Amino acid sequence: MVSIQALLFQTHPSFFSIPSLPSYISLKPNNTVTCYASPGITDRTEIRLGLPSKGRMASETLELLKDCQLSVRQVNPRQYVAEIPQLSNLEVWFQRPKDIVRKLLTGDLDLGIVGLDTLSEYGQGNEDLILVHDALEYGDCHLSIAIPKYGIFENINSLSELTQMPQWTKDKPLRVATGFTYLGPKFVKEKGLEHVTFSTADGALEAAPAMGIADAILDLVSSGTTLRENNLKEIEGGIVLESQAVLVASKKSLIQREGVLDTTHEILERLEAHLRAVGQFTVTANMRGSSAEEVAERILSQPSLSGLQASVQKESLNNFLPSLSRTYTDHISL
Ligand SMILES: Nc1ncnc2c1ncn2[C@@H]1O[C@H](COP(=O)(O)OP(=O)(O)OP(=O)(O)O)[C@@H](O)[C@H]1O
Ligand SMILES: O=P(O)(O)OC[C@H]1O[C@H](OP(=O)(O)OP(=O)(O)O)[C@H](O)[C@@H]1O
């Protein structure tokens, strides 16, 4: 039996307010977590953080960490291992986003930064994945169903209209092309939709309807340009997931690997300080002369605060909001 001081429990209690905690964790009233070592954690002593090696997320992830005074020092850009001098005993490993999630699950990484879409698709609801920060404020996109603007779909504008079209039967279901073969069928099941089938491809999905391979697609959208250029449209009720970059941890590592809790705490504090500063600047930049109430209202309506609970002490707002505190109360286990 191992007893560890739950540093994060003091500042971020919801770290441990995970629905259906596994039986080996018990919360104590004195802010300690008692846990029983379970098999599955490897012997290595260093802490591993996985970052996207290439693609859309790579450079912005490094920029964010740099802004948090956590610059990643890479000896050689072709090397996949690096360090962050401010975090002792931490190795950075550059990996494809989906591999970061897979390696968190196998215990080969302890922490990672990926898009929520990738985490949800490849994490598949695994309870070992803990969403440490759910809004790093880059990599914004949404996973959405899109259909052609033309032909039989011309007057179809919502998911219910789409699924109620008489064309779809048991023998001839609505064909959806997607790279999200876990989230797609899950969404359809949750919505209780019938006569839908999925096929998969690795990219350029927007071509599938025009090629006659699929009737609809389920893919990531950010600017919407690719859909427009391919004569496709989104539909009401067709968004499966809103995504942005997130920090994720392995629960096993947090609990069992020495130093992971402290390192996570350190990274989280720096991220929060940076994002709060950026948020305050953005919110207040155009609001000089506004009342405290107006500023508070604007802050609380910021999309970046969605999923988090903000508490604002209004009397302090006139001093450029030093007391705005974003507290985590609803961390979820995917
Ligand atoms: N318009 C967009 N299209 C795709 N991904 C986007 C978009 N905007 C933001 N993203 C984010 O970037 C991530 C894609 O990053 P990247 O291109 O490195 O991965 P990938 O192409 O899915 O990886 P792989 O090539 O291994 O399949 C997505 O998971 C998503 O979180
Ligand atoms: O809404 P937009 O800004 O146009 O972005 C959406 C497109 O970007 C992604 O593709 P990517 O460019 O990664 O190429 P891929 O199709 O090969 O995955 C995604 O799969 C969409 O096709």
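How many nonpolar, polar and charged residues make up the shell around ligand 1? Let's look closely at this predicted model, one view at a time.

**View 1. The residues around ligand 1.** The answer to our opening question is 5 nonpolar, 6 polar and 4 charged residues in the shell around ligand 1. That shell counts 15 residues, and Gly55, Arg56, Gly115, Cys141 and Ser222 are the closest. Two helices, H3 (97-106) and H4 (116-123), are the elements that each give two or more residues to the shell.

**View 2. Ligand 1 and the two domains.** Here the focus is on where the shell comes from. Domain 1 (41-138 + 244-274) supplies at least three residues to the shell around ligand 1, and domain 2 (141-243) likewise supplies at least three.

**View 3. Strand E7 and its partners.** Strand E7 spans residues 111-115 and is mostly covered, with 5 of its 5 residues buried. Strand E4 (residues 47-52) runs parallel to E7, and 2 bridges join the pair. With strand E14 (residues 245-250), E7 runs antiparallel, and 5 bridges link these two. Follow Gly112 of E7 as a handy guide: its bridge partner is Gly50, and Val248 in E14 stands opposite Gly112 too.

View 4. An unreviewed UniProt entry places the feature "domain: ATP phosphoribosyltransferase catalytic" at residues 96-272. In the model, the end C-alpha atoms of residues 96-272 lie 25 Å apart.

Technical notes. Residues numbered from 1 in each chain as written. Chains lettered and ligands numbered in written order. Predicted model: local features only at pLDDT ≥ 70, side-chain atom pairs only at ≥ 80, totals over all residues. Near = placed C-beta within 6 Å. Helix = DSSP H or I, 4+ residues; strand = E, 2+ residues; numbered from the N terminus. Nonpolar A, V, L, I, M, F, W, Y, C, P; charged D, E, K, R; others polar. Domains from an automatic or database assignment. Buried ≥ 20, exposed ≤ 12 C-beta atoms within 10 Å, placed from the backbone. Pairing = 2+ DSSP bridges. UniProt positions renumbered as here; feature names shortened; annotations may be inferred.
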